[in-house]
Amino acid sequence: MSKYSVHQQPVETLLSWIKSGEIAIPEIQRPFVWKSAKVRDLIDSLYQGYPVGYIITWRNPDVKLKNGELSAGKKVLIDGQQRITALTAAVVGQRVLNKNYKEINIRIAFNPITEKFEVLNKAFERSPEWINNINPIINDEISITKAIREYIKLNPEADEDLIEERIENLKRIKNKQVGIIELDSSLDIDTVTDIFIRINQKGVVLSNADFVMSKIASDEVYGGNKMRKLVDYFCRLLVDKDFNKHILDNDTAFASSDYYKASKWMAKGSDDLYVPDYIDVLRVAFTYKFSRGKFSDLVALLSGRNFEARTYEGEIAERSYTMLSEGLTDFVNQTSYQRFIMLVKSAGLISQKLISSKNSLNFSYALYLKLRKEGMPESEIQHYVKRWLVMSLLISRYSGSSESMIDEDIKQINEKGVKLYLEQMEQNHLGQGFWEFSLVNQLESSSVNNNAYNVYLAAQCYGNAPAFLSKSMKISSLIEQRGDVHHIFPKKYLAKNGFVPKQYNQVANFVYTEQATNVKVGMLMPRDYLAKVETQIQEGIFDISTLDSVNGLEENLRLNDIPAVLNTATHLDYDDFLVERRKLMAAKIKQYYEQL
């Protein structure tokens, strides 16, 4: 069986397919990202007869309707949306959405004397040598005879035969051939993705989430196109509050919908912790509502796939769209969303930089929504979701084949319940060997993106621990304010004694401290600056630290998991210090996890 067919079609035919809905443009509600100059270049290439690349489509499978008839599937545009949009803007005159989601016209001017194309501006508009807009001529809204007559009237010295030839060439743009690659409807998503990459030869990763977005955007029967807007608009409102005005001004139909009512709170809300993109929104809604993790399954279900009978049925498609709609609406629900964010922060994960895996957040939010829907008491939900989130970060649960892991976890939770499955995961992954060896080894790192180190910082925030050598400043405040990370053994001191960056930048050599403390310590060896702190405490001087008692100093070192060896340490003790501190840090993480 051929995986795809390749053929040529004139621009005119391609545009007629768009107008009739034969090809569904999946990204039609997203901004047109090409600059106007690229539209000009595309038109110029067509005029010159140069190749403009292939348009790739994938025919949706035929769906069996209730009456037994088959509904022929549309062709979904997989690649070439920007070129299609450029053609509809320049040739058909259709308005497009710019990056600010405003509808604009892109008018291409043509100089038949020089055969040059330009984006229309005031200068070209005032020049008689330029035809201000090519679209009426190409679209037969004005005859060639009339176009020639009007041009010669403004340019009496022009060669009429030459102008006629050039305008006829302009009109022939709609007859120029564009390559169409049509992928077979029987292909699965993974195969389509592979074909896309091989044909495109750009190494572009076409994710299954993109297929889902294409699928729902091209659906008008079950309201998929409106769901697509909900996802896009909510993600945009997260980072651009002014975008709400664009919705109200330019999309009144959506502004009056229940989707907008459910999501408009984000126009005044905030989230600098989670900040999901469209893939995250889809991931959570799908996992929570369908108890599955693979986007390829979602595309199949939205197509009406009956996995047992291997047919496509309208009832399954309708039910799947309904479920997805419910999942998306629950995702953007203000109460659920804000409570989940508070839950995450209450676990000490107060900053994005402490959360290395977005999919850990995604799964935890899906789990939160699922447990809420099941009516579990809020206190129990918080306990299980916090532990799941931290556990998944510690073991890097979703760092590899995330879809497979998500699929397995949600199905196991569905089958066994969250309590039993979480206990099994803890027994399998968080045994004594993990806490005493694996976790300690993870902390042997010079990367601040280290999962174990970030969970350690979360544990410090959770325990409201003070900054190093500070009486009142908290680590959580410094993280929120992007405060200084201090080297316990100053890096200049270690470098002077022959240590390289990978050695002195170990995470076990890091503490959060106030900038003034960091500066005052300078490059003193630990035993010297700690002795100086003790002397200043006795003299009532607040120079290096803000601590006012020796007991307070000892407590501060304990809360920052500093080994006692530091009091007498020189560079010769550095390696032993790191070993001991990693053990203390791992013990702190274990204590923190058990308290969640």
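A salt bridge is a side-chain nitrogen of Lys or Arg within 4 Å of a carboxyl oxygen of Asp or Glu. Glu168 and Arg172 meet that definition, with their closest N and O atoms 3.8 Å apart. The model is predicted. A search of the whole structure finds 29 salt bridges. The largest nonpolar core has 139 residues.

**Salt bridges**

- Glu168 is partly exposed, because its relative accessibility is 26%, which lies between the 20% limit for buried and the 50% limit for exposed.
- Asp249 and Lys245 form another salt bridge, and here the closest N and O atoms are 2.6 Å apart.
- These two residues sit four places apart in helix α11 (residues 243-250), so about one helical turn separates Asp249 from Lys245.
- Asp249 is partly exposed at 46% relative accessibility, whereas Lys245 is exposed at 55%.
- Asp258 and Lys261 pair as well, at 3.9 Å from N to O.
- Both Asp258 and Lys261 belong to helix α13 (residues 258-263), where they are three residues apart, about one turn of the helix.
- An α-helix has 3.6 residues a turn, so residues three or four places apart point the same way.
- Asp258 and Lys261 are both exposed.
- Some salt bridges share partners, and these join Glu12, Asp140, Lys171 and Lys174 into one network.

**Nonpolar cores**

- Within the largest core, Tyr337 and Trp388 have the most contacts.
- Helix α19 (residues 378-394) gives the most to this core, with nine residues.
- Tyr337 touches several residues beyond its neighbours within four places in sequence, among them Phe234, Leu238, Trp265, Met266 and Phe331.
- Its contacts also include Asp271, Tyr274, Val275, Pro276 and Tyr365.
- A second, separate core has 43 residues, including Ile18, Ile23, Ile138 and Ile173.

**Helix α3**

- Helix α3 runs over residues 81-92, which makes 12 residues.
- From first C-alpha to last, α3 reaches 15 Å, close to the 16 Å expected at 1.5 Å a residue.
- α3 is largely enclosed by the rest of the structure, because 11 of its 12 residues are buried.
- The buried residues of α3 include Gln81, Arg83, Ile84, Leu87 and Val91.
- Gly93 follows α3, and its phi is positive, near 90 degrees.

**Helix α22**

- Phe434, Trp435, Leu439 and Val440 are buried in helix α22 (residues 432-442).
- These four cover an arc of only 160 degrees around the axis, so they lie on the same side of α22.
- Gln432, Phe437 and Asn441 are exposed on the other side of α22.

**Strand β11**

- Strand β11 covers residues 177-183 and is mostly covered itself, with six of its seven residues buried.
- Strand β1 (residues 4-10) runs antiparallel to β11, and seven bridges join the two.
- Gln8 stands opposite Gly179 in β11.
- Strand β3 (residues 54-59) runs parallel to β11, and five bridges join this pair.
- Ile55 stands opposite Ile180 in β11.

**Leu469, a buried loop residue**

- Leu469 is found in the loop between α23 (451-462) and α24 (475-480).
- Leu469 is buried, because its relative accessible area is 0%.
- Thr517 is 48 residues away along the chain, yet the C-alpha atoms of Leu469 and Thr517 are separated by 7.5 Å.
- Leu469 touches Thr517 and, among others, Tyr529, Leu530, Val533, Ile544 and Leu547, not counting residues up to four places away in sequence.
- Ser545, Thr546, Leu553 and Asn556 are also in contact with Leu469.

Methods. Residues numbered from 1 in each chain as written. Predicted model: local features only at pLDDT ≥ 70, side-chain atom pairs only at ≥ 80, totals over all residues. Heavy atoms only, no water. Expected span 1.5 Å × (residues − 1). Buried < 20%, exposed > 50% of the residue type's maximum accessible area, 1.4 Å probe, protein only. Pairing = 2+ DSSP bridges. Contact = heavy atoms within 4.5 Å. Core = buried A, V, L, I, M, F, W, Y, C linked by side-chain atoms within 4.5 Å. Arc of directions from axis to C-beta.
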